[in-house]
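This report covers selected side-chain contacts and aromatic pairs. The sequence and structure come before the details.

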Amino acid sequence: MRNAKIFRAFAPGLPIVLFAVIAYCAGSGMSAQAIQPVTQQPAIAAPPDVSTPPSDARTTASGVAMKVLKHGRGAERPKDNDCVKMHFTVWQRDGAMLASSRLRGTAEVQCMRTVFPGVSEALKTMVVGDERRIWVPGRLTFTSADEDDTPPKVDITMDIELLAIIKAPLTPPDLKAPPKTALKTDSGLAFRILEKGAGTRRPYPTSQVKLHLSGWTTDGALFESTVRGGKPAVYIVAHLIPGLHEGVLGMVVGEKRRFWIPATLAYGEKRGRRGVPTGNLVYDVKLLAIESALPLPKSRPNN
Amino acid sequence: MKSNSCPHNRRFWATAFLPAFVLTAFTIAHSQAVNVSTRNYNNQRTGANISETTLSTSNVNSSQFGKLFQNQVDDQVYAGLLYAAGLSIGGATRNVLYVATVNNTVYAFDADAAGAPLWQRNFNGTGRPTRNTEVGSACGAYRDFSGNIGIIGTPVIDESTSIMYFVTRTVEGSSTVQRLRAIDTRTGADRMSPVVISAPSFSSSLNNQRPGLALSNNTVYIGWSSFCDTGSYHGFLMAYDASTLQQVGAFNVTPGGTRAGIWMAGAAPAFDGNGNLYASTGNGDWNGSANFGETLLKLAPRTLNLLDWFTPSNWMSLNNGDLDLGSAGPIFLPGTNLAVIGGKGGGKGYLIDSNSLGHLVSGDTQIRQVFQAVELTNRTGVTYHIHNTMATWNSPQGLNLYVWGENDFLRAFRFNTSTQKLNEPAFAEGAILPPPGMPGGMMTISANGSASGTGVLWATTPRAGDANQAVVPGALYAFNAQGSGATLPLIWSSSGVGDDIYNFSKGSPPVVVNGKVYVASLSNIVSVYGLRTTPPPSQNLALNKTASGSTPCNANEGPAKAFNGSYSGGNTDKWCSLDAGTKFLQVDLGSNFSVNQIVVEHAGAGGESFDLNTQAFNLQVSADGVSFSQVASVSNNIQSITTHNIAPTVARFVRLNVTTPAQTGDAAARIYELQVYGQPASSVITYETESLTVAATSGDLHRVALDTGYSGGQGTILEANAAGDFVTYTVNVPEARTYDIRVRVKKWNNRGVWQFSSNGVNQGSPVDGFSSTPTFPEIDIGNLTFSTAGNKSFRFMITGKNASSAGFWIALDYIRLIPQ
């Protein structure tokens with residue numbers, strides 16, 4: 001399927017017609033039993049200042065206006081590589097509600113590199129427990145992050161309550177190049193042992209290994225991490241990118257290594273699809289378990 | 001489009017009290033004979049075969065389970081696989097696997113053993129399939145397909161009539177024609193004349209028949225999207241009477257706008273117990289009255305009148321763009337009126353009461369539940385789409401819904417019977433995180449009812465690379481669907497030797513039925529897996545045979561590595577050469593075989609960068625190791641696995657010549673596997689005359705003839721009208737040896753008397769084609785010795801006619817060569 005999107009025009013004035021339909025059908029002789037009435041929660045009413053930031057709102061250089069609704073008690077603020085758990089409600093400037101996690105009843109988990117730039121900017125100034133109202137100009141909403149066309153950019157007003165910061169692993173200080181103490185293999189892969197493991201058993205290419213891993217581009221963007229979500233992943237070693245494939249084969253259970261992987265042993269230099277990193281990469285990998293090894297390649301009978 | 005201001009019209013009352021529809025519709029009968037007649041097993045698209053009594057979590061493991069065999073087809077397979085149990089076909093009772101390719105060919109294979117197709121039929125006629133370079137210009141170089149675009153949507157079978165319905169796509173002269181076909185599942189012959197698809201504003205060139213076909217209420221339903229949103233197209237659904245192929249309904253999704261294709265990643269529309277159809281649309285115009293982009297539609301049976309709809313309001317998602325609702329098809333939760341859909345927007349899933357879809361309400365508060373189906377924390381700056389459909393199973397612990405979105409783990413959600421919602425978050429996860437990119441997992445479930453330990457979730461995903469706009473190597477995984485604590489344990493994967501699924505088919509999820517697992521590919525191969533005590537003999541003729549080649553890069557990267565059956569052994573599990581100029585890799589098969597398929601696994605198949613895939617190469621074969629003839633030449637390859645179907649050629653030696661080793665200028669040739677397939681050279685060969693090259697005719701009309709009496713339902717007729725009229729075919733004789741020549745014909749009352757000759761020499765006696773009633777005898781022409789293999793001319797020339805005959809026609813079914 002094509003990914004490029006031409007988004008439908010939004011119809012902000014769309015009437016909510018369901019109850020009118022029920023009334024119409026009942027009136028025309030059809031039983032309303034045909035329809036199970038929907039228990040519809042009302043939209044969350046827009047605040048009086050939805051259209052314009054009040055005078056006590058602070059406006060950043062980029063144009064995001066913010067007003068504190070409630071002070072939190074946390075100390076840390078989310079950083080670029082973190083994800084956050086939050087409640088939010090978004091309105092258009094004319095007061096029409098667009099979306100709200102409060103109506104769903106479950107807070108939303110989003111990552112700082114994925115949310116609108118204007119929302120990310122506001123979140124970075126917040127601590128856990130903070131509740132703010134922000135006025136985000138349309139140009140700081142959808143970005144053209146890939147070949148996809150983006151929806152229309154409209155100004156929004158948003159209430160955010162920051163509930164938790166889902167911390168990214170610490171960014172390695174030596175992303176640009178491996179330190180002199182790092183070991184290098186013939187392929188160009190460099191690594192350093194961060195934590196020692198136990199035993200001598202190492203995986204085969206066909207082994208299933210349980211890993212915690214985090215990957216950064218050299219400019220510090222964390223593009224993948226099982227640590228942030230807290231759930232390790234199982235990989236067939238042969239299905240890992242070549243740098244990790246080679247690297248993991250040398251590890252024992254419990255060991256943690258940092259790998260400096262040249263682009264040729266990763267996803268290459270050519271820009272691919274959104275989210276597939278390019279260039280040299282750095283990975284921190286902890287081998288948690290060698291879950292099983294499938295039978296090694298052996299000769300099979302011919303026919 | 002007819003306006004419909006009431007969500008239900010009077011048809012609702014006519015059908016609302018059909019007896020116990022839900023129970024029968026949601027349950028595949030517990031019997032020995034399980035059929036797979038439609039995409040995702042049933043019209044609720046549960047994705048579960050719950051009558052699987054052989055495979056379970058206790059025997060699906062690497063010591064008991066693996067590939068049994070594979071079958072060749074003529075092109076890539078995007079359509080889902082279908083299956084008929086215990087069918088009487090060709091005089092025997094067999095389980096039959098149906099495969100449709102992008103070359104407009106449909107195959108019927110014995111589902112339990114390797115071998116030639118029971119029947120096969122190509123539907124190109126005088127045309128050819130569309131090519132990917134001819135469509136999708138909005139994407140520049142359009143690579144959602146990579147070659148032919150013929151049959152794409154999964155066919156559907158009416159078990160009661162043994163008819164299979166599907167849509168072919170052919171370019172005929174300057175026009176593109178899409179036809180709805182109805183063929184017999186036992187012979188491949190037409191059961192009704194095909195009908196050309198048409199409707200006001202429908203475009204046979206812009207519209208892509210992507211979703212699976214559906215059959216309900218004796219009506220065949222067909223949907224269309226586009227190619228990369230190119231041109232002013234409209235999403236479409238049409239309904240055809242299954243008995244007459246008359247169009248009975250057509251629904252244009254955007255009559256006052258454009259786009260809004262029905263994609264659903266190849267899934268088919270779902271149906272409720274009243275026969276109402278549910279389908280989701282992609283991006284396109286929307287106004288809530290006539291145009292319905294990004295919408296779940298509910299349409300009336302046959303007429304396709306709009307009954308109800310749901311459009312999510314989350315266009316202003318916190319995520320960036322990219323919000324197709326129609327990237328996955330809807331499914332029904334068994335035993336409920338609840339439909340579930342996923343899409344591309346921020347990994348959200350929607351649980352909706354099918355009795356009231358709820359239109360569009362800010363915050364989506366009118367529907368039962370919006371749930372976070374895909375977690376966003378593993379990878380950032382990526383997409384979280386849900387493709388194909390979700391899958392559902394009534395496990396011993398409760399009703400589970402399985403989702404495997406992009407850049408995330410497989411997740412299992414539990415349906416809460418008290419709240420009538422799904423519990424959030426997922427109660428268990430699979431541990432496999434596929435490579436960054438699309439499309440997540442293509443899932444299917446096998447289980448024996450709700451019995452503990454029987455639920456297996458099978459899924460294919462890419463094993464390297466991103467399948468968006470690309471062809472990439474795939475992997476098949478099996479998980480314990482019941483789960484163990486918070487995990488869905490991985491119990492098997494296709495990384496073992498000989499278990500390769502080849503290039504991932506992004507349109508065709510695995511099919512599990514009667515103890516076997518069937519996996520389509522974009523490598524012209526369908527793989528069949530099942531229980532085994534030891535790996536069966538490999539069909540790969542080159543496995544562990546004597547190898548030679550240009551100087552290896554390293555001592556442990558010699559030519560033999562390309563013939564060891566393994567792609568997964570790491571960087572040194574390949575043949576690598578840095579020799580100057582053309583580099584060669586060769587295998588000696590040990591004796592002559594009739595070779596018809598060669599598979600090459602390049603750098604990307606072994607896990608290396610796709611940039612290192614061989615760019616230009618050719619393949620040669622030889623019977624003596626001295627004189628080689630070229631059978632394939634590729635100049636611009638980008639794929640990691642390439643398949644080369646060749647005309648059957650007798651050869652003992654196969655050679656690969658690498659002329660441009662990589663995409664990047666890198667000088668090393670890297671080949672992980674070179675596999676050779678074919679038959680023993682001395683086996684019987686049958687040439688369907690409708691598939692042969694016609695070298696010459698006397699100028700009389702030579703055409704395909706349709707009759708269920710012909711093998712595959714097709715033969716050829718030369719409309720000869722005088723002595724001396726002839727048709728000459730080119731036949732590629734595989735070996736220099738003596739064959740008994742047999743010709744099967746259709747005798748009837750207007751046939752002539754003909755004489756067979758080969759390369760100008762008459763063989764056998766004249767054959768009288770006359771018969772007062774149609775008969776299909778096989779005529780023994782006699783033994784013929786060929787001093788060389790290769791192309792020979794086989795001529796059929798009229799010498800006269802029987803006095804009783806009304807004409808001089810020649811009607812042929814096939815030519816058979818039996819080695820003597």
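## Aromatic pair in chain B

B:Tyr477 counts as buried, at 3% relative accessibility (buried is under 20% relative accessible area, with a 1.4 Å probe and protein chains only). B:Trp404 is also buried, at 1%.

## Basis of the model

This is a predicted model, in which local features need pLDDT of at least 70, side-chain atom pairs count only at pLDDT 80 or more, and totals for chains, interfaces and linings use all residues. Residues are numbered from 1 along each chain as its sequence is written, chains are lettered from A and ligands numbered from 1 in the order in which they are written, and side-chain values use heavy atoms, without hydrogens and water.

## Aromatic pair in chain A

Over all chains, the structure holds 32 aromatic pairs (ring centres of Phe, Tyr or the six-membered ring of Trp within 6.5 Å; planes under 30 degrees apart are stacked, over 60 edge-to-face, the rest tilted). A:Phe191 and A:Phe259 form a tilted pair, 6.1 Å centre to centre with 50° between the planes. A:Phe191 belongs to strand E9 (residues 190–195) and A:Phe259 to strand E13 (residues 256–261) of chain A, so the pair ties together parts 68 residues apart in sequence (strands are DSSP runs of at least two residues, numbered from the N terminus). A:Phe259 is buried at 0% relative accessible area, and A:Phe191 is buried at 12%.

## Charges over rings

The charged end of B:Arg414 sits over the ring of B:Phe427, 4.2 Å from its centre (CZ of Arg or NZ of Lys within 6 Å of the ring centre and within 35 degrees of the ring normal). B:Arg463 has its charged end over the ring of B:Tyr567, 3.6 Å from the centre.

How values were computed
Helices (H or I, at least four residues) and strands (E, at least two) are DSSP runs, numbered from the N terminus. Buried means under 20% relative accessible area, exposed over 50%, partly exposed in between (1.4 Å probe, protein chains only).
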